[in-house]
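Here's a quick tour of the sheets, helices and ring contacts in this model. Have the viewer open as you read.

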Amino acid sequence: MHNQVIQSFERIVHNLWFIKDIFGLILGAVFYFFEAFVRLFIPRCKKDVEGEIVLVTGAANGIGKLIAKELGDYGATLVLWDINSEALDKTAKELKRALDVRVYAYTCDCSRRSEVYKVAELTYKAFLPSMLQRNHGHLVCVACHGALFAMNGLADYCASKSAAVSFAESIALELLVLKKEGIKTTIVCPYLINTKMFGGCQTKRPSFLPVLDQRHAAKQIVDAILQEKMYLLLPSSLYFLMALKSLMPAKLGIIFVNFFGGMDLMDHFRGVPVPIISYKKPQRQQNDSVSDPQTLIYYN
């Protein structure tokens, strides 16, 4: 009899907790859907990054260079990484002349763990502990639309970008559990950008999925960072395609991929010549030292 009473009480408590969780889910859904609707008309206020230390990888050319310039325009101290030392030095000098901010350049191949440790004692994993201590910072992963949609001829590329997005999402959840609200995360998935990396690639429906202009994409990415958005898909039509992907049958999805050009996207891809680069020890462009970054922009 005593055990039955206890079991009945436990069931009641369990049901009460379940009702509480359901109520919290409904309340949260209503609130965040309403917030998202309001944000369509009232954008978030932009945070101030003046004086913050910002690391941009792949900063010697292309969109990495443009992202660095955009952030420098807002007064951030720039730390630039790239595998191409000559192009990196040129970019650093150019940004120093154009911007009234400190600029540091380091030669680094981010695909080589030893190189990364030599330069700055790592990207996410090395900077994150100091961010956790301060409860301050911003982690940004720039991936690709290939992380969201499979593309013919891009198996390895899509796999690596999917892994990058999953890693960034996992870090975001860990920060949430640790109650480190001062550390923000942003995941960016753009469509093709008109850089040499995608030379020759063609889009089948340019009015719906245009090849993105580098400068416009860089501005939108930096704007998303300053507004502390969790996700940014470029162009906005990718949000519609993501919604369709989650609702439609798999075989219908293949028809849609073909309709939007996913089957022949790489047919005219020219590729990018890989330069022969001799690795150098990291060289600082200025004599002042850089403390641990408080704001980390991780460009993947």
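One term before we start: contact here means heavy atoms within 4.5 Å, and angles run from 0 to 180 degrees between N-to-C directions. Keep in mind that this is a predicted model.

**The 1-2-3 sheet**

With that in hand, look at helix 3 (residues 85–98), which lies across strand 2 and strand 3 and runs at about 180° to strand 3. Those strands belong to an open sheet of three, ordered 1-2-3, with parallel pairing. Strand 1 (53–57) and strand 3 (103–107) each have a single partner strand, so one side of each is left without a neighbour in the sheet. From one strand to the next, the twist averages 20°. Strand 2 (residues 77–82) is joined to strand 3 by five bridges; as one example to click on, Leu 80 has Ala 105 in strand 3 as its bridge partner.

**The 4-5-6 sheet**

Three strands also make up an open sheet in the order 4-5-6, again with parallel pairing. Its edges are strand 4 (137–142) and strand 6 (231–234), each of which pairs on one side only. On average, neighbouring strands here are turned by 15° against each other, direction ignored. Strand 5 and strand 6 share four bridges, and Cys 189 stands opposite Leu 233 in strand 6.

Two helices to look at here are helix 6 (residues 155–177) and helix 7. Helix 6 packs on the sheet and touches strand 4, strand 5 and strand 6, its direction making about 160° with that of strand 5. Helix 7 also lies across strand 4, strand 5 and strand 6, but the angle given for helix 7 is about 165° to strand 6.

**Rings**

| Pair | Centres apart | Planes | Geometry |
|---|---|---|---|
| Phe 37 and Phe 41 | 5.2 Å | 70° | edge-to-face |
| Phe 208 and Phe 240 | 6.2 Å | 80° | edge-to-face |

Why do both get that label? Planes over 60 degrees apart count as edge-to-face.

How exposed are these rings' residues? Phe 37 is partly exposed, at 48% relative accessible area, while Phe 41 counts as exposed at 61%. Phe 208 is partly exposed at 26%, and so is Phe 240 at 47%.

Phe 208 sits in the loop between strand 5 (183–190) and helix 7 (214–226), and Phe 240 in helix 8 (residues 237–247), so this pair ties together parts that are 32 residues apart in sequence.

Methods. Residues numbered from 1 in each chain as written. Predicted model: local features only at pLDDT ≥ 70, side-chain atom pairs only at ≥ 80, totals over all residues. Heavy atoms only, no water. Pairing = 2+ DSSP bridges. Phe/Tyr/Trp six-rings, centres within 6.5 Å; stacked < 30°, edge-to-face > 60°. Buried < 20%, exposed > 50% of the residue type's maximum accessible area, 1.4 Å probe, protein only.
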